[in-house]
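Dear colleague,

I am handing over the structure we spoke about, and my notes on it follow below. Please read them with the coordinates open beside you.

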Amino acid sequence: MKKFKKVYIEITNNCNLNCDFCIHNKRDKKFISIEEFKTILNKINIYTDYLYFHILGEPLLHPYINKLIDLASNNFNINITTNGYFINRIKNNKNIRQINISLHSYTDTYNTSLNDYLENIFNTIDNLPNTYFSLRLWVKNKYNNDIIDYINKRYNLNINYDIKNYKISNNIFINNFHEFIWPDLNNNYYNENGKCYGLKDHIGILVDGTIIPCCLDSEGIINLGNIYNDNLDDVLNSNRVINMIKNFENNKKCEELCKHCNFLNDME
């Protein structure tokens, strides 16, 4: 077993949308270069078998998305989280384990009809039979009922509008979690007690190379180092990381940002 169940890589922090439920990105916009991506792959190869193209941003906006998938496919299982607008950019011969599609991201301000948006998504799903699809309806959206109607019609189902989780087929699932509070130093949530899977089963790498303990540190507040400049083993054995892990094991949060995070509490 490798150290981490997964590593999140933010291949871009650019996005085509500006959703109310998403934390606003204050960092400089960037696309990861091919050489930077290769460097990351080489450095994390011994730590995980699973890559997640996700922190902030829309990964399918990357101009070389298929090249990045090809490179990562040599040694990793790939997972992508997308708002779905550009899903047809993925070629049908790709080695992608799972694609999470935030259907709640649909907006009529993007000059794409809901039907065209869904047709684009589900036609692509049909072309990727070996990939798992998690269709997310985490946020209340005035179109969520229409989305369920579309799914019912396409797959000859009778799913209720308040469905929580549902298996449509062997590789297609509806996931109806609920909106969570993004950890932020200025939000209203605060708790010094709690655990986290960050540093235990995953880490994240922002598009500029900043190493973060979990995928929710979208601004790199807990900056553990930089994947391009630092040895990852040294980072993971630093006093700061050891202290975080030790405190989590004792149900304590030592980092200020963590005290403003209730994600695990939402899941329980």
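Ile245 is partly exposed, with a relative accessible area of 28%, where buried means under 20% relative accessible area, exposed over 50%, and partly exposed in between (1.4 Å probe, protein chains only). Ile245 belongs to helix 6, and here helices (H or I, at least four residues) and strands (E, at least two) are DSSP runs, numbered from the N terminus. The C-alpha atoms of Ile245 and Tyr52 are separated by 22 Å, the two residues being 193 residues apart along the chain.

Before going further, please note that this is a predicted model, in which local features need pLDDT of at least 70 and side-chain atom pairs count only at pLDDT 80 or more, while totals for chains, interfaces and linings use all residues. Residues are numbered from 1 along each chain as its sequence is written, and side-chain values use heavy atoms, with hydrogens and water left out.

Helix 6, which covers residues 239–249, also holds Val241, and Val241 is buried, with a relative accessible area of 1%. Leaving aside neighbours within four places in sequence, Val241 is in contact (heavy atoms within 4.5 Å) with Leu199, Leu224, Val235 and Leu236. Between the C-alpha atoms of Val241 and Ser73, which lie 168 residues apart along the chain, the separation is 29 Å.

Turning to the sheet, 10 strands form an open arrangement in the order 6-7-5-4-3-2-1-8-9-10, with mixed pairing; two strands are taken to pair if DSSP finds at least two bridges between them. Strand 6 (165–167) and strand 10 (225–226) stand at the edges and have a single partner strand each, so one side of each is left without a neighbour in the sheet. Helix 1 (residues 34–44) packs on the sheet, where it touches strand 1 (6–9), strand 2 (50–53) and strand 8 (202–205), and its direction makes about 165 degrees with that of strand 1. For such angles, axes are lines fitted to C-alpha atoms, for helices over the stretch in contact, and the values run from 0 to 180 degrees between N-to-C directions. Helix 2 (residues 65–73) lies across strand 2 and strand 3 (77–82), and runs at about 165 degrees to strand 2.

Strand 1 runs parallel to strand 2, joined by three bridges, and parallel to strand 8, joined by four bridges. Val7 stands opposite Leu51 in strand 2 and opposite Ile203 in strand 8.

Strand 8 likewise has both faces covered, with His202 and Gly204 buried on one side and Ile203 and Ile205 on the other. Strand 8 pairs with strand 9 (residues 210–212) in the antiparallel sense over two bridges, and Ile212 in strand 9 is the bridge partner of Gly204. The hairpin of these two strands has four residues between the strands, and in it Gly209 takes a positive phi near 95 degrees. Elsewhere in the sheet, strand 5 (residues 132–136) and strand 7 (residues 172–175) pair in the parallel sense over four bridges, with Arg136 opposite Asn175 in strand 7.

Most residues other than glycine have a negative phi. Asn111, however, has a positive phi near 60 degrees; Asn111 is placed in the loop between strand 4 (98–102) and helix 3 (114–126), and is exposed, with a relative accessible area of 76%. Asn156 has a positive phi of about 55 degrees, lies in the loop between helix 4 (144–155) and strand 6, and is exposed, with a relative accessible area of 72%.

Finally, the second largest pocket has a volume of about 310 Å³. Of the 19 residues that line this pocket, the closest to its centre are Cys19, Asp20, Ser105, Tyr106 and Thr107. On a 1 Å grid over the protein atoms alone, a pocket is an open set of points where a 1.4 Å probe fits, with protein on both sides within 12 Å along at least five of seven lines, and lining residues have an atom within 4 Å of a point. Grid points are joined across faces, edges and corners, and a volume is the space filled by probe spheres set on the points.
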